[in-house]
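Let's take a walk through this structure together, one neighbourhood at a time.

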Amino acid sequence: MTTHNIAFIGLGTMGFPMAGHLANAGHNVTVYNRTTATAEKWVNSYKGQLALTPAEAAKNADIIFTCVGNDDDVRHVYTGENGILSTVKSGAILVDNTTASAEVAREIAAAAHAVHAEFLDAPVSGGEAGAINGCLTVMVGGDPAVFEKAKPIIDCFAKATTLMGDVGYGQVTKMANQICIAGILQGLSEAITLAKSSGLDIEKMTDVLKHGAAGSWQLENRAATMAEDKFDFGFAIDWMRKDLGICFDAADKLGVELPLAKQVDAKYADLQQRGHNRSDTSVLIKQFDKPDFS
């Protein structure tokens, strides 16, 4: 693979290992993070450089990755003071791995094209483990020719990288992904609750069901831990509710109903109030806990 100058903006739970895979592949990586101590930790862990602003990180980069929190964060790192678009060079490729709205993806794409840069929206799925192991699923929206240039580099941290259509369609695909996860976890929560109440061996149940029509990633990777009351697997319900909010906004604009997703979101809101906001999404099963009035 050709060595590229790469900037990576946002070193959170996902971005830190993703940027690491790019460095391990031999690319020249410059990182920026809002908390400088995290960027310093990354530089001490991998070969690379630290920048103090997104603009500084981006100025010499052939490809720039961003992985931040929400639409406002995306706007800030691209178009805010000392943002990426103030220094990005002509022909550079911008890849946003944030889970954000399709609207902000199209907005940033237009701003990038105005300074002769290219843009791909490329949200990811696979969680913290997928990022650490370099096996994320990446859903991309953008120009096919730009996608083909970027794909070998994205593949440094991905097991599947797929072009879904024009800019924005990567984000729409991620919305569909989150809606599916919400529904699967609701069904799995109900199934495990019934099975445990009946005295069924959950490990044996999982081993049987995974080979049939009920098989899913959530069943194989979360059923046992849900039954054991373990919910520390990275993707907090605070973030899931942010993602579902994006889904609801898009659905409202399209006149689409999402009844199950809204039901699950309401359960997550209740769990946040009960102090589970930093637990991972599989904590949904605790909706069935009986209140303790002691």
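What follows covers salt bridges, a glutamine and its partners, and a cavity.

Some ground rules: this is a predicted model, where local features need pLDDT of at least 70, side-chain atom pairs count only at pLDDT 80 or more, and totals for chains, interfaces and linings use all residues. Residues are numbered from 1 along each chain as its sequence is written, and side-chain values use heavy atoms, with hydrogens and water left out.

Let's begin with charge pairs. Side chains of opposite charge can pair when their charged atoms come close. Here a salt bridge is a side-chain nitrogen of Lys or Arg within 4 Å of a carboxyl oxygen of Asp or Glu, and the count by this rule is 14.

Take R75, which pairs with D72 in a salt bridge at 3.5 Å, N to O. Both sit in helix α4 (residues 71-79), and because they are three residues apart there, about one helical turn separates them. Helices, by the way, are DSSP runs (H or I, at least four residues; strands are E, at least two), numbered from the N terminus. How accessible are these two? D72 is exposed at 55% relative accessible area, while R75 is partly exposed at 28%. For those words, buried means under 20% relative accessible area, exposed means over 50%, and partly exposed is in between (1.4 Å probe, protein chains only).

R75 has another partner too: its side chain meets that of E107 in a salt bridge of 2.9 Å, N to O. This pair links distant parts of the chain, with R75 in helix α4 and E107 in helix α5 (residues 102-114), 32 residues apart. E107 is partly exposed, at 36% relative accessibility. Put together, D72, R75 and E107 form a linked network of salt bridges.

Now move along to D265 and R241, whose side chains meet in a salt bridge of 2.8 Å, N to O. D265 belongs to helix α12 and R241 to helix α11 (residues 237-254), so the pair ties together parts that are 24 residues apart in sequence. D265 counts as buried at 11% relative accessibility, whereas R241 is partly exposed at 27%.

The side chains of Q272 and R241 are joined by a polar contact of 2.8 Å. A polar contact is a pair of N or O atoms within 3.5 Å; within protein, one must be able to donate a hydrogen and the other to accept it, and residues adjacent in sequence count only if both atoms are side-chain atoms. Q272 makes another such contact, side chain to side chain, with D238 at 2.7 Å. Leaving aside residues up to four places away in sequence, Q272 touches I237, D238, R241 and N277, where contact means heavy atoms within 4.5 Å.

Which residues line the largest cavity? They are T99, A100, Q171, K174, M175, Q178, D243 and I246. A cavity is a set of points, on a 1 Å grid over the protein atoms alone, where a 1.4 Å probe fits but cannot get out, and lining residues have an atom within 4 Å of a point. Four of the lining residues come from α8, the largest share.

Notes. On a 1 Å grid over the protein atoms alone, a cavity is a set of points where a 1.4 Å probe fits but cannot get out, and a pocket is an open set with protein on both sides within 12 Å along at least five of seven lines; lining residues have an atom within 4 Å of a point.
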